[in-house]
Amino acid sequence: MDFATTLNVLEATIRLATPLLFAALAGLYSERAGIFDISLEGKMLAAAFASASVAAIWASPLLGLFAGVLVAVAFSLVHGLASITYRGNQIVSGVSLNFIAAGLTIILGSAWFGQGGRTPPLSAGQRFGDIALPGAEALSGVPVIGPIYAQVISGQNLLVYLAFLAVPLTWFVLFRTRFGLRLRAVGENPAAVDTAGISVTWLRYRAVIICGVLTGFAGTYMSVAQAAGFNRDMTAGKGYIALAALIFAKWKPVPVLFACLLFGFLDAFSIRIQGLSLPVVGVVSQQFVQALPYILTVVLLAGFVGKAVPPKAGGVPYVKER
Amino acid sequence: MAAPAIELIGISKSFGPVQANRDINLTVEAGTIHGIVGENGAGKSTLMSIIYGFYQADAGEIRVKGEPVSIPDSNAAIAHGIGMVHQHFMLVENFTVTENVMLGAEQSGLLNAGIRRVRAELMRLEREHGLEIDPDAVIEDLPVGLQQRVEILKALYRGAEILILDEPTGVLTPAEADQLFGVLRQLKAEGKTIVLITHKLREILAVTDAVSVMRRGEIVATRRTAETNAGELAELMVGRRVLLRVDKAEARPAAPALKVSNLTVHDSRGVPMVKDVSFEVRAGEIVGIAGVAGNGQSELLEALAGIRPAKSGMVELLGKSLDPCGGIDPAMMRAAGLAHVPEDRHGMGLVLPFREAENAILGYHRDPAYAKGPFLDLSAMRRDAEAKIAAYDIRPPNSELRTANFSGGNQQKIVLAREMERGPKVLLIGQPTRGVDVGAIEFIHRRIVAMRDEGRAILLVSVELDEIRGLADRILVMFDGRIVGERSPDASEGEIGLLMAGVESRDAAE
C-alpha cells in the first residue's frame, strides 16, 4: 500500500470510527451505571431517521441533531422506565427497542416521504460540512506530517471532532468528578450508593439519558454527516459493534477510543481490499471481507482480551433487601 | 445523667402480612455498648434499618439524644450522627479505601478536594483510634477484617456518634473479632454509643454493657450484661430451655472408614490450597477440622466429595482405594456410601427456586425409589419429603413451597435430611450451622452425634471453634493447606486458636 492509499484508509478509519465512538461511549455511561444497553443499535437508527427527516424538512443540520438526540433520549427513557423503575429484564427491553426502531423508521419514512423508507437526500447545506482546521494549507508541504494533518485530521466534520473530544471528557467525568464516582459505584454495588444516602434511581436515569444523547449524536452522524439522508437499516449492526468495542475495552474510556479506531480501521481496510487481487490468496471474496470485522471481533473477544469483567451490578435491577 | 443516645417508643413495622416489629420500646444509654440478640427473623435487622432510615416505621417515635426525630432516609440518619456497619458490607469492591469513604460525602463536584480531606481524616482517625489502613488499597484485595474497618471508618468520617453494627463477626476469624471488640471498647471510651446486633451469645457477654433480647418481632427482655448469662439469654431468645453444650457419650471408634493420604488440591487459579494432607476418620467418631476460613478446608471437602479433582494423593473409602485426581465424581462417591453436606448451601446444597420436595432428593433423583422409568414419581417424592419434614421438624411443613422461602436454619435441615437419611457410612459436613438459629443448632448437633453413635464416620469442617470443640472427638487444625496439629476437644481454646493462626504450640509455650 502506498502512502496515498494509507492516508485514504486512515481518513476512512476516522470517519468510520466516529459513530462507533459515540455509541460505545453512550454504552459506557449506561453500563457503568449498571444498565446493560443492547438497544444502542435501535437508538442510533431512530436518531438517524429523526435527524435526517428534520434536517430535510427544515434544512438545518443542527435542528436535525436536536431531533436525533431528542428521539434517542426518548428511547433511553423507555429503557430506563422498563429497567430502572419497573425492574424489568434489560436485555428484553433493549431488544424490543431495537425492533421498534427498525419497524417504526420504515413505516414513518414510507408514510411521510413515500420513498421506500428513505428520507429525501440532503443537500450540502442540510448536512454537517467538513471543517478545514487552521494551518492545514500551510502544513501540507511538510513531508509525512503535513499530508496526515491536512487529509486525515483536518477536513472532517464537526461531529467527528466532538466524538474524539468526548473521550477525554468522559474520562474526566468518570474519574475526576463526584458524578463519575457515584456512577461507577452504582454499577458495582447500588446498595452502597443507597446506604450512602444517594438515589440509585435518579443516578441511573441520568446515566441512561447521557446514553441517549450520545446515541443521538451517533445516529445523526450517520445520516446527516457521513451519508446524505436516511436509508432503511442504515446502522447495519454498528450498535452491536460498538457494544463489542466497549467490552473489548473493558468499559474504560481511553481503551474504547482505540477499540473503535481498530474496528473502524478493519471496516476501512475491508472496503479498500474489495476486489483487489492479493498475493497468495488471490481475489478475496467480498462476503469474506465484509464479514472480516465481525470475525475479528469474535476472535479478539474470545482470545486476546483476557477476561472482560463487566460492572458487577450490570443487568440487575436494584431492589432494597429486607 | 445525659439523655439516652437512642430511644424507640412503640415502633411497629410490617411487610404485608408479616409483622417484623411489634410495639418496640428500647432505650440505648449514651456511651455504652448495647447488644441486641435474637434468632434469625426475630426482627433485629428490620429494627436497625428503621433507625438508619432504610425503612419507615408504620407507627412509633424515634428520639435521638432526647429529641424526637424523623428519619426518612439514610441521609437523615447520618445527619443525626447515626452510622451503620451492615452485615453485608456496603462497599464498592473495585474502589480504593479513599473512594469508598468518600462516596456520598464528596464535598464538591470535583473529587480532588474530597480526596485530600479523606486522606487527612483517615490519618487523624488512625492516630486517634489506631484504625490503621492504607488509603489507596483496593477493597477486594483487603482481608475481611480490614474491609469491615473501612465500613467503620466510613461511619466515623461522616461524624457518627452512634454506631450500629449488624452481625459484625459473622465473617471474622476469632482473632479479628477480638480486634474488633478492642476497637469498639475504645470507641466507647471516647464517648461513642454502639449498638451491636448478633446471635452469638458469647460476643454479647464479652463486650456489651446491656443487652436486649428480641423474639418474633418483640423485645422480650432487657438485661444488664453483668446480671445475666448465656443460658438465660438463650432461653429468652428461643422461648424455651436450650442445651448449649452438646450432650454426648464417649466415642467408640471402630475401623477406619475414610483414609486420606498425601492429598494435594489446587484451587481454580492453580494455587495449592491443600498440601500433602493425610488423616483418617474411623467409623463411630467425629473428626473436626478447625481453621480460619480459606485455609484449604473447602477444597479438602470438595476433593473428597469428588467435586474438585485433586492434584495428587490417595483416598481409601471403606477399604476401597480411589483415585481422587479425576478418578471419582460425586455420584460415584454417593453410591460408594459417602454423603456430603456442602459448606455453601445456597451455592451447592440447594437450588433455591425449586420446591422443597425437589431439593429433598437432589442428587439422588436417579434412584428408582423416586422414578417411574424416565419420569419422576411425584407422589413418592412427596411422601419422602413429608417423612423428612416430620423427622427434622422442617418448618413450614410444606413440601410444595419454594426452597427460597424457608429460613436459613430450615434450608440447612433440608440439606441435612437429604444427606443423612441415605444412611451414609461416611458423612462430610461443612459449616453445619452457619446462619442457623440457636434452637435449630441444638437439633442439628444432636443429629450429628446420633449419626456417630450409629457407627458412621463423620468429618466435620466448621469455622466455629466452639462447634468443633463441642462435637468432635478429635480435632485436626488446618493452616495454610496443612494439618498443623491434632488436639483433643479438651484442649484449650487458646491452644487451638494459636494453631489456627499458624503458631506452633512449642513456640507459644516458650
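Two residues count as being in contact here when their C-beta atoms, placed from the backbone, lie within 7 Å. Keep that cut-off in mind as we walk through this predicted model, beginning with chain B and then turning to chain A.

Where they meet, nine residues of domain 1 of chain B are in contact with 10 residues of domain 2 of chain B. On the domain 1 side of this meeting place, look for two helices of chain B: α6 (174–189) and α8 (230–238) each supply at least two of the touching residues. The largest share, three residues, comes from α8(B).

Now let us move to chain A, where you will find 13 helices and four strands. Chain A has a radius of gyration of 20 Å, close to the 20 Å that the globule rule gives for 322 residues, so this chain is as compact as a globular protein of that length. Along the principal axes, the C-alpha atoms of chain A fill a box of roughly 65 × 50 × 40 Å.

Inside chain A, buried residues make up 45% of the 322 residues. The contacts of chain A can also be sorted by sequence separation: among those between residues at least 6 apart in sequence, 76% join residues at least 24 apart.

Conventions:
Residues are numbered from 1 along each chain as its sequence is written. Chains are lettered from A and ligands numbered from 1 in the order in which they are written. This is a predicted model: local features need pLDDT of at least 70, side-chain atom pairs count only at pLDDT 80 or more; totals for chains, interfaces and linings use all residues. The radius of gyration is taken over C-alpha atoms; the globule rule is 2.2 Å times the number of residues to the power 0.38. A residue is buried if 20 or more other C-beta atoms lie within 10 Å of its own, exposed if 12 or fewer, and partly exposed in between; C-beta atoms are placed from the backbone.
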